[in-house]
Amino acid sequence: MSLPKGFLIGAATAAHQVEGNNIHSDYWAQEHMEYTSFNEPSGAACDHYNRYEEDIRLMAEAGLNAYRFSIEWARIEPQPGVFDENEIAHYRKVLECCRANGVEPIVTMHHFTSPRWLIEQGGWEAEATVERFARYCRYVVEQLGDLFTYVCTINEANMGLQIAAITKRYKQMMKAQSAEGKVQVGINLGDTLKERMKKQAAENRKIFGTPNPQVFVSSRTPEGDLLVMKAHQAAKAAMKAVKPELQIGITLSLHDIQSLPGGEEAAAREWEEEFMHYLPYIRDDDFFGVQNYTRTLMGPDGSLPVPDGAETTQMGYEFYPQALGHVIRTVHKSLPIPLIVTENGVAVSDDSRRVAFIEEALRGVDSCIEDGIPVKGYMYWSLLDNFEWQKGFSVTFGLIAVDRATQQRSPKRSLTFLGGYAR
Ligand code: BGC
């Protein structure tokens, strides 16, 4: 394999999933609600806030030369317009630690979590969020910009539309089920669910001042989708005004969409929604962050279940590492700018399957580079077994295992295997 010299080989995390005690964030509030959808709260997570030195050292010792992590807006600006210098000092130490270990930091400004106050003020459907996000990004670059070059503004900017699509499908399914009476026993599923939703709405009103809080990972309207793009562009301009040399991009969650006979139109529609319609807002960026985990098969009526007999991951996705190379090629056709794989990974308990996944995924990346596609780096998701949002700590994506009782780290073989690719 001939990954070019200087190719970034690293791992990714997000603040809320690893740091612990992100108390001013919207997620913290949601996790502690009586009618929460979370399996468990994030709590101390992986205590990365205190153990970042050990984690970065383990990464560097294994050969990795890059680390993608996020700066937590809720820490930096816990109240509107109130910036916390102690938190800036914390992230300065993290960045300096990367530099001391020869690890290139790739900083994400927003990875799903927001300050709770932002959601109380309309969140990701409120026009004011555009300027507020840009102000926070500018502040971070003013304070810490001497220590990093690569910036992802917003992680998986298309997540809201993907949530909107599954919510719609789910509602249709519920309707069809109650109409056809598919469940062969007398239960009041619909009523229980409705009752629960009512209670959730009341609790949301109490905590966020609205029954329907617009956190980042919630059903987005087309206007909200556009607002996220405006936030990206405003943040980019604000950061470049402080440090023009920054390399700034956005990341999207992308499936390798494959059509079965008759599924071509549905596949094209899906790709349009997932990727193509964002092009006008991202084509002048310095790079684009590809995030991919699996493929989606499309039939005439839309997406199909995982094929019978296929290996699946703890997330229920098809184990299909070839997806990454396919997605890179498809993206490059419409967006010929430098690409960084900002996330690709697999949740499995058997680490040898993770090694096999990484090997196949990087084979795909290598063949793209051989064909002249400018892929600059590969960040495996994730460095640590961490807090997988509503699923809690039940799934394991990490290159490093974390003992939940002691926080002790145990590097897996996949960590050194990945590091072996760095030159
Ligand atoms: C997100 C991560 C998440 C990962 C695995 C991506 O959607 O950016 O925060 O943990 O996928 O599900």
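Residues are numbered from 1 along each chain as its sequence is written. In this predicted model, local features require pLDDT of at least 70 and side-chain atom pairs pLDDT 80 or more, whereas totals for chains, interfaces and linings use all residues, and side-chain values rest on heavy atoms, with hydrogens and water left out.

Helices (H or I, at least four residues) and strands (E, at least two) are DSSP runs, numbered from the N terminus. Strands are taken as paired if DSSP finds at least two bridges between them. E8 runs parallel to strand E6 (residues 251–253), to which 3 bridges join it, and also parallel to strand E11 (residues 339–344), with 5 bridges. Val290 stands opposite Leu252 and has Val341 as its bridge partner in E11.

The ligand is surrounded by 13 residues (a heavy atom within 4 Å), of which the closest are Gln17, His111, Glu156, Glu343 and Glu388. This shell contains 6 nonpolar, 4 polar and 3 charged residues. Nonpolar covers Ala, Val, Leu, Ile, Met, Phe, Trp, Tyr, Cys and Pro; charged covers Asp, Glu, Lys and Arg; the others, Gly among them, are polar. An N or O atom in the side chain of Glu388 lies 2.6 Å from an oxygen atom of the ligand, and for Tyr293 the corresponding distance is 3.2 Å. Of the 300 Å² that the ligand exposes when taken alone, the protein buries 93% (Shrake-Rupley method, 1.4 Å probe).

The structure holds 21 salt bridges, each defined as a side-chain nitrogen of Lys or Arg within 4 Å of a carboxyl oxygen of Asp or Glu. In one of them, the closest N and O atoms of Asp285 and Lys236 are 2.8 Å apart. This pair links distant parts of the chain, 49 residues apart: Asp285 lies in the loop between helix H12 (279–282) and E8, and Lys236 in helix H10 (residues 222–242). Asp285 is buried at 7% relative accessible area, and Lys236 is buried at 16%. Arg354 and Asp351 also form a salt bridge; both lie in helix H14, 3 residues apart, and both are buried.

Conventions
A polar contact is a pair of N or O atoms within 3.5 Å; within protein, one must be able to donate a hydrogen and the other to accept it, and residues adjacent in sequence count only if both atoms are side-chain atoms. Buried means under 20% relative accessible area, exposed over 50%, partly exposed in between (1.4 Å probe, protein chains only).
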